[in-house]
Amino acid sequence: MAQGKNEGIFQAHEDLSSGGMIDKLASFFEGRGAFLFLVPALVLIGIFVIFPVVWDVYISMTNASLVGPSAKHYIFIGTQNYFRLFQDFLFLNSLKVSFAFTVLSALIGQAILGLALALVMRMEGIKGKILVATVVFIAWVIPEVVAGYAWSAVTDKQGLVSAILSFFGVKTEYSLYFTHPFEVIVVANIWRGTAFSMILFTAALEGIPKYIYEAAEVDGATPWQRFKYVVFPLISQAILVDFILITIWTFGVFTLPYMILGPGGGIGNAGQLWTLYIYFKAINNFDIALAAAASNVMFVIVLALILAYLWSMKYFRRW
Amino acid sequence: MERNVLAYVLVYLFLAVVFAFFVGPLLWLFLSAFDPNASPVFEIPSHFTLDNFKKLLVPVGNVIPLQWILNSLIISLSAATIATLVSVISAYVFARYTFKGQGAMLTTFVILRLVPPIVIALPIMMLYNWWGLINTYLGAILVIAALITPFALLIAESFFRSLPVEYEEAAMVDGCSRLGAFMRVTLHLAIPGITTIWLLSFVTAWSQFVIPLMILKNPALMPASVGLSYFFGEYGRVDYGRLSAFSLLFSLPVIIIFLSIQKYLRKGIAGLVSR
């Protein structure tokens, strides 16, 4: 490697720095000059993403409020908000709701439905499977506000879901999002997010060579045995990645339940996820400091999940 | 053989139920947009009409709904362009140089790309009150661009890594400076990739909700996502026909873009499993 010229924080790859035909500007660019290319991105992210996260930690330790005298002039009060937070029934409730929402709608709903769809997509001679995949895909890509609006309409007392239920003899006097807020957002989120798991598992299944599968068939394995002993072990990495990613995303879902239930999360706050709780506290109750404390607690939880994801990627790469 | 037939029947039954589940809300949305008497009821309209679309020019409060689509265009086009520009140039540095803290920075980008926007929505609202960026296009554009950048940067970085370094070397041997090689050779080779990054950034910006909800309170400045929720929530009687027409118009660009980059998206998702 060409030493001397390239010392400093940057060292160009060996194969690029060995030539001797560099003019002045280029040699500036070879060395520290290239760092200039990083500046816009780092400044943008630093000011508008990292700084707010840090600022949030400070706000959570003050008595800041959205309106009133403590909106402009707030004072430092230490960790009081965190004690207040963990004594707040609504916050503990929102943790429980978010946890149940994630397990039911993502880990059970989206992952299983997505895997089933991916297995069907792999079968030969099934007509219409592309059409089904396309509709599942569209449900995932339309703006989340639109998905929320559509789901609030189909779970209205006159809506499609109520009509289907009454066809099967289940009478619904009120709108479903009113009587069953939690169930509605769970189902809506399965609808919204299954495509990701389907695409991920389809890709993982395509990575399995056909002959392995056929060998098992020749040996007389039943479809279930083939799935359990051949397919499943080969896609276990994909399953882990899928679980972690959909957990992170589902944990952060805001728009869909906001559109269907509003920030209160429906009757008895049964559907108030922590994301709605933060909005509710800050905007409806003006309690910005408490909301900031809540978002920091959740940030730490999400961070732990993300680190688990990164760790699992590393772990599998070693194989 | 009999088992096989049964299996096929079960598969088709499964597909039919799944199809009905997924198509139901979408079909209602579509039908009600053309229905003169739209309501939550799922039905074929007595006749199809474009009136609901024409009504998008009739003010809600004192803003016409089409203004919200225009606002979304202003914000998303600018945010996607800024995010693409800043991430492409820095991704090049990440892909072609090794330097201290590189790994840590990339890890930070992965983390930032996965953090839910609500976490920064609240402090951004407070900071914007302080900086005077509340209720401005500029404020919305900058924060949305910043949110998309880590994601765009990671895609761009892996893209540059996949481009062979030999073309650049050849250009440099022929007397190009490194900067020249980047501008004249690498960027040209990267045009399809950069287009994809821009399109992905655009759709991400287009669908943003919670951040604009907190910083754009003035109905005249709202993007379509916030406008839709405002339109839906503020008034006692919901005008379903108009809302559905608006929703269709708002979803159309995203659906077109996603269907056209589907293949790339599949590859990207496959890359999540095996890197």
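Domain bounds here come from an automatic or database domain assignment. With that said, chain B is divided into domain 1, residues 2-49, and domain 2, residues 52-273. The C-alpha centres of domain 1 of chain B and domain 2 of chain B lie 32 Å apart. Please keep in mind that this is a predicted model.

How many residues join the two domains of chain B? On the domain 1 side there are 10, and they are in contact with seven residues of domain 2. By class, the domain 1 side of that contact has six nonpolar residues, three polar and one charged.

Next, the contact between the chains. Chain B puts in 81 residues and chain A puts in 84 residues. Which element gives the largest share of the chain B side? That is helix H1 of chain B, residues 2-33, with 13 residues. Sorted by class, the side of chain B that touches chain A has 61 nonpolar residues, 14 polar and six charged.

Now to a helix pair within chain B. Helix H3, residues 65-96, packs against helix H9, residues 191-207, at an angle of about 140 degrees, and their axes are 8 Å apart. Why call H3(B) oblique to H9(B)? Because angles have to be over 145 degrees to count as roughly antiparallel, the angle of about 140 degrees makes H3(B) oblique to H9(B). As for handedness, H3(B) passes H9(B) in a right-handed crossing.

If you want to find this contact on the screen, look on H3(B) for residues including B:Ser72, B:Ile75, B:Ala79, B:Ala83 and B:Val88. On H9(B), look for B:Ile194, B:Trp198, B:Phe202 and B:Trp206, among others. The residues of this contact divide into 11 nonpolar, four polar and no charged.

Where is B:Cys176 found? B:Cys176 is in the loop between helix H7, residues 166-173, and helix H8, residues 178-189, of chain B. Is B:Cys176 buried or exposed? B:Cys176 has 20 other C-beta atoms within 10 Å, so B:Cys176 is buried; the cut-off for buried is 20 or more.

Which residues does B:Cys176 touch, once its neighbours within four places in sequence are left aside? The contacts are B:Ala171, B:Ala181 and B:Arg184.

Conventions: Residues are numbered from 1 along each chain as its sequence is written. Chains are lettered from A and ligands numbered from 1 in the order in which they are written. This is a predicted model: local features need pLDDT of at least 70, side-chain atom pairs count only at pLDDT 80 or more; totals for chains, interfaces and linings use all residues. Helices (H or I, at least four residues) and strands (E, at least two) are DSSP runs, numbered from the N terminus. Ala, Val, Leu, Ile, Met, Phe, Trp, Tyr, Cys and Pro count as nonpolar, Asp, Glu, Lys and Arg as charged, and the others, Gly among them, as polar. Axes are lines fitted to C-alpha atoms, for helices over the stretch in contact, and angles run from 0 to 180 degrees between N-to-C directions. Angles under 35 degrees count as roughly parallel, over 145 as roughly antiparallel, 65 to 115 as roughly perpendicular and the rest as oblique. A crossing is left-handed if the near helix is turned anticlockwise from the far one by less than a right angle, and right-handed if clockwise. A residue is buried if 20 or more other C-beta atoms lie within 10 Å of its own, exposed if 12 or fewer, and partly exposed in between; C-beta atoms are placed from the backbone.
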